[in-house]
Amino acid sequence: MEKFTLLGKNRKRVDTAAKATGEALFSADLSLPRMLVGKVLRSPHPHARILAIDTSKAEKLPGVKAVITAKDIGGDKWGVFRYTQDQQFLPTEKVRYVGEEVAAVAAVDEDTALEALALIDVQYEVLPSVFTMADAMADGAPQLHDAYPNNINVRVKIDVGDIEKGFNESYLVREDLFSAPEDTYCQAEPYAVAAQFDQAGNIEIWMPNAGPHMKAKPLANVLKIPLNKVRVRKITIGGAFGGRSEISPADVICAFLARKARRPVKIVYSREENTVATRQAHALVTRIKTGVDREGKVLAREIICHMDGGAYSSTGPIATSVPFLCMEQAYRMDNVRFTGYRILTNKPIRGMFRVHGRAFACGVDVQLDRMGEELGIDPLTMRLRNARQAGDYTPTRSYVASCGLTEAIIRVGEKSGWKEKFGKLPPYHGIGIGCNSVQTGFPMGIRGGSQAFIKLNEDGGITVITGIVDNGQGNDNMVVQIAAEELGLTPDDVQLISADTEVTPSDPGSYSMCETFIGGNAVRLAARDVKRKLFRIAAGEFGTGEDELTARDRKIFVTKNPEISMSIAKAVRIALSRNESISGEGSYWPDVDAKREWVKNPYGQLSEAFSFGAVIVEVKVDPETGQVEVLEATAAQDVGFALHPQVIEGQFEGGIAMGGQGGMLTEFLQWHEGRVLNPSQSGYLVPLAIDMPKINSIIVETIDPKGPYGAKEAGMSVAMSAAQAYCGAISNAVGVSFHDYPITPDKIVKAIEEKKKTKK
Amino acid sequence: MKKMKRYSLTLTVNNETHAVVTPPNRTLLEVLRDDLHLTGTKEGCGEGACGSCTVLVDGQPVRSCLTLAVAMEGRTITTIEGLAQGGRLHPIQAAFVEHHAIQCGFCSPGMILAAYALLNENPNPGEAEIRRAISGNVCRCTGYAKIVKAVQSLAGEGR
Amino acid sequence: MKLPPFEYLEPSTVPEALSMLDAYRDRVQIIAGGTEAVNRLKMRLISPDYIMNIKKLPDLGGIVEHEQSIIIGANVSINEIRDSSLLQDKYKAIAEAAFQVAAPPLANMGTIGGNILQNTRCLFYNQSEIVLKGLEVCHKRGGASCLAVKGGKRCFSVYQGDMAPALIAFDAQCVLEKSGSRRTISIRALFSGEGVQPFSMAGNEMLTGIIIPKQNGAYGSAYRKLRLRGSLDYPLSSAAALLAINADGKFAVSRLVIGAAGPAPKIVDGASAALLGKLPEEANLKAAADMAYELSEGVDNLALPGDYRRKMVRVLAQRALKGARADMKRGM
């Protein structure tokens, strides 16, 4: 194992001092000369035809500099996939959810902009709407889009092995239904966009994003300008959690307002708009049938999952697949059939979310617990019996090169005292376990690879140029760490230009958990390219072979004879004095199956690496109020290699909060006729410091053969396995299985009452 | 649109006095961010439920999004920009950085000020007291674990 | 969220404030801490012509012990009440309620007057235009429907203030002033009992002080609150209890008050009768809690279902009674 100076250590991140002083600029903090305030007019109806829009009074209001409707933008439909192009940035014919964008204004101040909105007159013909999946799929239901009969947006079918045979051979079979309403990201930063054009028609635009290059292309398309005129700029981003990856109507609206007004425009979303008008997470209903043998090994599994997608496709095919894929990676299941449906309803649009599919993952684990109980096998052992192993192929035929799931389960069991506690705790005191796995990226076509450049200065400092984006998780720091480590520099020697589409090369973005794996590898390769060139120069000067050299402490020296050295600066100047430019380039494209497609061909290598982990949680339930006190949570995660242990722990801790504490106890959207009743932070309740348990973090390292230094994803899996563990622990405490999430106190009280009744 | 009277205020922010002219329907948060360009204080929710807008008024943490600017004449306001002195991080800021208590950073200014106010009132808080003092500040990234550690690292140190 | 336009008034004395109330009546909204009023303005629940800031008025501060009572100025902050050793020691329910209001920064801004006079709340009422446009107008907003209860003929909004139930448990009074006169009524009587206009106050009246009659002998009190998280949130259910015994060790005074169980806090009158003359150990606290349940109201217009919140009234009432009994024993 190589010895590292920077990697694997806990040095300060390069970006957090500016955040601590308030100097770091988020999109809403930007101030541009003569900037206008943009505001969006939204549909009050869940489903309606737009008959006419009269903006004349708004346009005449003093202080209003631009008003736009669909006719300014054009009616082209956009979609993440070619076969899901169903969304216009301002609709021409129909609105399909309460809150959908209809028109927008840019004015000299907020009061004027709000007044202008009130002066826009929209004539609607209200249409019947559907708010539940059952209503949406029924024959004769109002159709949201002509392209999707019965409002079935996506259907994914995966069928592997022979489930009938598997069920027939099973000792135990059970079938259950699991459900959960929508949850949502609730990033700390509400969405905001700022945009300005220059004289040459180039646009600069800032917004929180999980991949600036994914924003740039649709912007170029809709603005009808080439990509090189679209500059999505680097900006500090206040969290993404799976959101903010797709182009948003706000982005397009802001750009068109800026172009029409010929002045910069900034749109800042309220917290409500962030909840309603960006993305939410899907509601799920999952039917799972599982058969096991006497040892608790799963012989067959059938899953039918319906997801409520809201009014448009968004990342539909991905969303419909990922909950299943996580489970097929985590647990062995040779015979499995999965049918996933994404259904459209007249509600805000749903996208990918870090805690995607609590009613799926928790369902799988609940069944393992219950069947294990019948067999006399404890939940932890059930996980071990079914755990994914390195060298396996998943049902959809991904080869799993590295897998530390078994080690994670064992270590989390030891740390949490599982053996001493399970089955031995007093009443209403419980312990539970959850396991999950997350793919490190998936096939993204021409967006699937990352490239990095390195520029060298004659004084030995460097600038790394990469498309990698940082949503707060520490990716900027990762890039600097890797480049500095490879070249023997300190972080202060490394400047970073990242996530700016004018300059940085394409990168998949962060939402698919691939920045470390794909982006990090590209940076590593670019740095090695530089190192080779510098070593060639130094070797020439020293008269040694290139493989006899080391770079450290800003110097290149002969490994066995460190007095023979030269500064990196000197090596650079030698190159320049020979009239040779010196720079580095590296690119990384994961070796995945390019023919794998979510719907048409969901088989083949999905990702080069997968993370694996387990969480164990201990809880105490107040049987009178149903409130849950979470005592301790322990997470063990195979992250391949910990580039920065404390940063990774931060992901575990945040994941436990989001997926477990919030996802299982308090987070759900409340509805009335397609309207979110709790869009604000006083209504949508995320965990507070006073709610969180003691957290133990265990990093498992399997050194993946392809990951940079062996690293894989570390940000999403714990959020999921925490949800599963919370569910298991509460079920264990109460002695009742919970199938509907979140497990709020009223559901616990009801379950206890019913249990007492059946006892009698 | 109703024409409102504009008020002349003198606001003392981070030991500097500022002459501000504003109509009354503006919060302290708006004036700090838009008039004084102190954008370290954030709007996370606009209704006082998240704590991103936390500033200190006469040393006490308040929600600047629920505070009328015109009511602040004569009060001493501290924003996150007022903590670092001469380019050096305040010990609380340094502790947050050292302990990796900052991820996306949006909640950090409010969180740091809440911790600052706590340590001013109680220089040696226990874990429960720390969690309660920051219980009004929402963080979506960290799960609060390292924020608590950062504040604990400062407990008991004379300042 | 942008505030609507308004004119700002900052009277320097209470008489000046009262004459402004006289002049503007329903066109003026009082603001003290701002935690309630500013939110209602942002949501456009109110659009007053004037905002009158009373936070700087003299004579509205102080927690002062008199011979027969404790007088608390309307502008005293929740945190000051929380930290008062007098209240913590002898009026525990009131200090406990203050401790559980919202979270420390909000409790720092908020005043006891403002907390008592907070308006009732409902998922369907405390919404902005983006949600409500296109729906029927509810009773509380001047319409004729209820969005929470289909066909509801009256308003089911919920009073979620923490301070009022604890104060009512002590039979606290409040001073209401208007130009030229003042009246003192029980805080209980301040509440109209209905959701559209929750308070029985004239448009030119201002709450200036709270009077807590001193309790004598051996007594104890407690306030219990239920919310989903450990801080910040309004109560989904709450209960306050005062228990006092006389010389022969039997209950002479008992007040059980439930909150977040209707448009106003409610005294469970039957509980007082049931506990009167009983020994603390023999008293049937559970029966008193059952009466609280009978009196409670809960529909599905908050974060958790109404029937659950009603069940919790029973649980919290019992816990408040037990807490009051323990507080009483502590003092003996």
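Before anything else, a term: I call two residues in contact if their C-beta atoms, placed from the backbone, lie within 7 Å. And a caveat: what you see is a predicted model.

How many residues of domain 1 of chain B are in contact with domain 2 of chain B? The count is 15, and they meet 12 residues of domain 2 of chain B.

On the domain 1 side of that contact, strand 3 (54-57) and strand 4 (60-63) of chain B each supply at least two residues. Strand 3 of chain B has the largest share, three residues. By residue class, this side of domain 1 of chain B has eight polar residues, six nonpolar and one charged.

Now the contact between the chains. Chain A brings 45 residues to it, and chain B brings 44 residues. On the chain A side, there are three helices that each supply at least two residues: helix 1 (16-21), helix 4 (110-118) and helix 18 (645-665). Which helix of chain A gives the most to the side that touches chain B? That is helix 18 of chain A, with seven residues.

As for composition, the side of chain A that touches chain B holds 18 nonpolar residues, 18 polar and nine charged.

That covers both contacts. I'll take questions.

Key: Residues numbered from 1 in each chain as written. Chains lettered and ligands numbered in written order. Predicted model: local features only at pLDDT ≥ 70, side-chain atom pairs only at ≥ 80, totals over all residues. Helix = DSSP H or I, 4+ residues; strand = E, 2+ residues; numbered from the N terminus. Nonpolar A, V, L, I, M, F, W, Y, C, P; charged D, E, K, R; others polar.
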